[in-house]
Structures are given as C-alpha cells and as structure tokens.
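Please read it alongside the sequence and coordinates shown here.

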Amino acid sequence: KPKDIALAPIQNNVRNVLDLSGMWKFKKDSANIGEQQAYYNGLTNCRTISVPGSWNAQFDDMRDYLDWVWYETDTYIPSSWKDQNIFIRVNDATYSAKIWINGKPVGYHEGCHVPFAFDIANVIKWDQSNKIVIKVENQLSPSRVPTGNVKGGSLASNPAANYDFFPYSGLNRSVVLYSLPKTYIQDITVKPNYEGTTGLLDVIVETKGKATKATVTISGQGKEITVPVKIQNNKGIAKVKIPNVRLWCPEDPYLYMLSVSLGEKSNPKDIYSLKTGVRTVSTNAKQILLNGKPVYLKGFGRHEDFPVLGRSSSNSLIVKDFELMKWTGANSFRTAHYPYDEENYNLADREGFMIIGETPGVGLYFSGDSAELKARQTIMKQYIEEMYLRDKNHPSVIMWCVANEPNDKVALGQMSASSKEDKAKAEAEFEKLFTQIRSLDDTRLIMYVGVMMGPINWFKLTDVIAINRYWGWYTSPGSIEQGANTLSKELDRLYRKFKKPCMVTEFGADTYAGFNAVTPEMFTEEYQKEFIKAYLDVADSKDFVTGMHVWNFADFKTSQSMIRFGGYNLKGVFTRDRRPKMAAHYLRSVWKGQ
Ligand code: GCB
C-alpha cells in the first residue's frame, strides 16, 4: 500500500520510531538457494555489513556482484508499542527486496530509491528479540527501471547498465520500525497558493480507522491559525488562510509548522507535524516564475555517490554538498537520476534551494519487446506515485522530472528511427506518465529531460523544455566554438517551435583534476572551464533560457567502459572527494560574482 509511505516516521507523544541502522549480518547467495535452505530463520557463515550502505562499495570482491544477498538484524521492540500499528519502512532497497520477520514473510517490493512499508504487527514477539531478514538483488534487466542488459543498448559497459552511474546495490538507506496509533493520519497533502497578501493552503488529511474530526494548525511569524476539519470517509480538507503571508523563496525560505491532530484536540488520537512553505510555481513564454516573479535556475545535476558510501548518503555529506553548492552561488539542483535521501529535501526547504525531483526513469525507451515495455510502464507508474507521496509537501520541489533522456528507440546508435507508427505508439506510452503526474499534482511544473537527437515532438507535453547537451564533447570533440554554435542554433529552433522557457539540464566535459594545458584541450581543467563558459554565454544571449544546470556537481563512479576513464564520470566541477576544479572557481565568479 504505497499510501503508507506518504508521511515520514516521526517521534512524538503518540508515534514512535526505532532506527535499525548499524552492523547487520550479510550473506551472498549467488545460487539463489537461500529460500530453500530457510535463510530467513537466521544466517550462518556470514560477514558483517553496514546498513545503510551499498555492498559493492564495502566489499571489493563484490564490486560487480548484483545477484541475491541476505541481510539480518535482531531487535527488541518496546512493549509500550503493544496494541499499536507497527510498520517496517525500508528507505531504499535496490532493486527488489523480500522481508521476513521471525521467519514469517511480510512483504515484497520492487524498485529502487523509493521507500516502502509493511504492516508487521502480527509477526512481532514481545519481551524477546525479533529477527528481521531481508533478501535483496539488483539484477539488470530491460523489464526494470532503470534499464539494463538491453540488447543494442547504447552503453557498452560492465556491469551492463543502460546508464552510466554505477549500479550500487542493497540497503542504500536506513531501515526503521515505527508505531502508529490504531486510528491514524495516513497522509497529509499541502497545496499552497496565495492571493494578494493572503496565503491560501489546502490541507488534505487522509486517515485510517474511525475518526470524524481533526484540527489543522499552522504556526509561523509568531501566530497560530487553527482550522477544524470534518473527516468523512477517511478524508477531510482544511482551507487555511494566512494573513500577511511570508512566501517561500530562495532569498527567504520561510517555513511554517503545520500540525494535524486527529480527534479531540485536547486528547488527540494521532498527531503529525511537518514544515511547509507557501509559494507558487508557474511559467510565462520565456521564464519560470516563483511567486509570479522570474527565477533563473543556477546549479547542477547531482548524484548520490561517494567513496565507500556508494549510493548511500550521510548527513555530513549532504551538509557538505549544500555548503559547496552555496559556495558556487547555485540556487537549485536536479535529483539526477532518482529521488534522493529525504534529508536533501528537508535541507533544501530550509536553505532555499529549488529542486527538480526526478523519478528513477533513466535509460528508458518506449519501443521494442512489448512485454518488457509493459513491465517498465508498470514500475514507472509506481515510481511516480511513490515519489509524489514521499516528496509532495516540500516547497523546495518546484518541478517533477518524469524521466531522464527517454527515447522512442532502443539505443542512441540506432539512428535508423522506428516507423511512423512505432513513433506514435512510443509517444502515446510516454504521454501516459505525464497524464499520471499531472493528475496527481497541479501545483508544480512537469518536465522531462531530452536527449541529444531524441524525439523533439515530446516537448509539447512539458512546461519547460529541458535538454542535456554535449556538443563540443561527444560531437565535434575538441571544438568548444562549434559546440556552442550548435547549441545556440538548436535553442533558437526549439523556442521558435514551442514558445516555452528552455533550460539546459546537463552540459559539461570530463576533466581530470590537475590536468592542465595552456591552450584548452579535452580532459584538462581549462577545457572544462571554457566549455562551461561558452554554454553559459550562449544561454545569456537568449531571454527564453530560464536555467543552466552543469553536469555534474562532483565526479562519480560508473560501470567500466571505454568512455569512462578509471571507472568514473569526471564531469564533476568538484572531484569525488569534493575538491574544486578550475570550473568550480569559475562558476563561483559568475554565479556569485566572487
Ligand atoms: C547524459 C546522462 C548522464 C550522463 C551524461 C554523460 O546525458 O543523462 O547520466 O552521465 O550524459 O556524462 O555522458
């Protein structure tokens, strides 16, 4: 039931959280015999792994291993949780996970970088330790998203992912147990707006169990506004008016505290609080507008990637990355190519960063084997719902990105384009994702990121035209001037055709830190700097360009391939260990004027 992931577990008087982060038991099961041999009753002959963490980054002998593994931990559960709803929440199991508690199966989930939760109240043992066992694998397949092992896929790499970032696997994020009262708030959706100086919030409250009323309280600017809500059929809406509203924006990321209590306010059955901001996002023909005023997106496509941590994150790293982004003068980033650890969004809300929230839809194509396409569409539908549920209340998220570089053909290399009929079918399939996300959210912009030489027509679906471009790198290598020229002409063409604001969501050059040349040459710091400068100059000459995101914030690990020196994508303006290259200093000079 995806709805159960909507509200992040919190600790208060009526809710509890038990974080299971720590050292877990771990065992490889390459022959997939674990279920026959009842590994779910307990692992023997195992090693120790950190959860959260990626197994490929912790064990060198398992760097490229993507098949089955087993995790185990044991925990007491406080007896004060008795007679409550009890859930397990896994914040990221890449790619599939099956869970047993005390030897009993509790659930199965497919999909990476989105949380899932299962009700486990009836398998718990009180006053003794509980055994939690999770089986995970991350096999690459054309039926999965992101895609892998694609016949005729564009990237010849090992492992054979159909994208360049390394397929880090396992319990990349934390696993927690949490308790909720019998009658509880299952979901809260905040839809912000304003008129004149009055903030207008629609707060939609969804509940489980028997409740007839709730109270929504908004506090901020030293005031408290309370609105009673009638709950009917487990749903109610509060229309909140905030006089003299302080709007959320990067210069003043003001947050209000929203609190919902269920039942009598003096003796609530459940309470949930979250921070939220009031802001609107829209476009005119040339710009993105935040609260009706043009904003220019300066920033990066990022990745969750760090030595030893793999795809798992740490709060120190998140803080560090935000500090470095601020140092360059960036005001935004895209969660390329999957939803990130939730602390990124909390911090962005507080620090005033604007986020383009992206699904795990990368390496997608809308042609080929129809059973595989159907499977990809099913998981994409799930991703859109799960991402929306998890991230929808963050004012920092101003746009949803449905997919990165989706294509109507299998591979870039296959330029002999599919038939007209195939193209139309592919477009109709792709459009379904847009329809879904638009039906969920009418408070944000919706876009996707277009690939070089990809289908142009699909831009009619988007609010903002976003393109990833490497003219002067993958094409006309070594000629920045030619690359910038091509970009300039292409942007003009796109704007003429669609009359929508445009942004370049990726542009950059692989750069080996400390590699220099008097006359810029590919892979040197000078070339990266000049490449970025040329692209920014093109953008500056066009009033319909509404943002520029450099690829990438930092160098990151990839599968091995001919175009990835040392197994890294080196387009970071910071190295993988976060030291600035010349381009980072250059960006600071332009974006910050320092
Ligand atoms: C792209 C992809 C990104 C790659 C990048 C590159 O277009 O979206 O995932 O890392 O190109 O450097 O080739």
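Is K499 buried or exposed, and how many other C-beta atoms lie within 10 Å? In this predicted model, K499 has 11 other C-beta atoms within 10 Å, and because residues with 12 or fewer count as exposed, K499 is classed as exposed. K499 is placed in the loop between α6 and β29. Its phi is near 50°, a positive value in a residue other than glycine.

D127 belongs to the loop between β9 (116–119) and β10. With 7 other C-beta atoms within 10 Å, D127 is likewise exposed.

| Cis peptide bond | Omega | Loop holding the proline |
|---|---|---|
| V51 to P52 | about 5° | P52: between β3 (47–51) and α1 (55–58) |
| N158 to P159 | near -5° | P159: between β10 (130–137) and β11 (170–171) |

The helix that K499 follows is α6. Helix α6 comprises 19 residues, 480–498, and at 1.5 Å a residue it should span 27 Å; the C-alpha atoms at its ends lie 27 Å apart, in agreement with that expectation. Its buried residues are I480, G483, A484, L487 and L491. Viewed down the helix axis, these buried residues fall within an arc of 95°, so they line one face of α6. On the other side of the helix, E481, K489, R493 and R496 are exposed. The packing partners of the buried residues are β29 (502–506), α7 (525–540) and β30 (545–551).

Between α7 and β30 runs a loop that contains F544. This residue counts as buried because it has 21 C-beta neighbours inside 10 Å. Leaving aside residues up to four places away in sequence, F544 touches K286, Y495, P501 and C502. From F544 to Y474 the separation is 70 residues in sequence and 25 Å in space, taken between C-alpha atoms.

Technical notes: Residues numbered from 1 in each chain as written. Predicted model: local features only at pLDDT ≥ 70, side-chain atom pairs only at ≥ 80, totals over all residues. Helix = DSSP H or I, 4+ residues; strand = E, 2+ residues; numbered from the N terminus. Expected span 1.5 Å × (residues − 1). Buried ≥ 20, exposed ≤ 12 C-beta atoms within 10 Å, placed from the backbone. Arc of directions from axis to C-beta. Contact = placed C-beta atoms within 7 Å.
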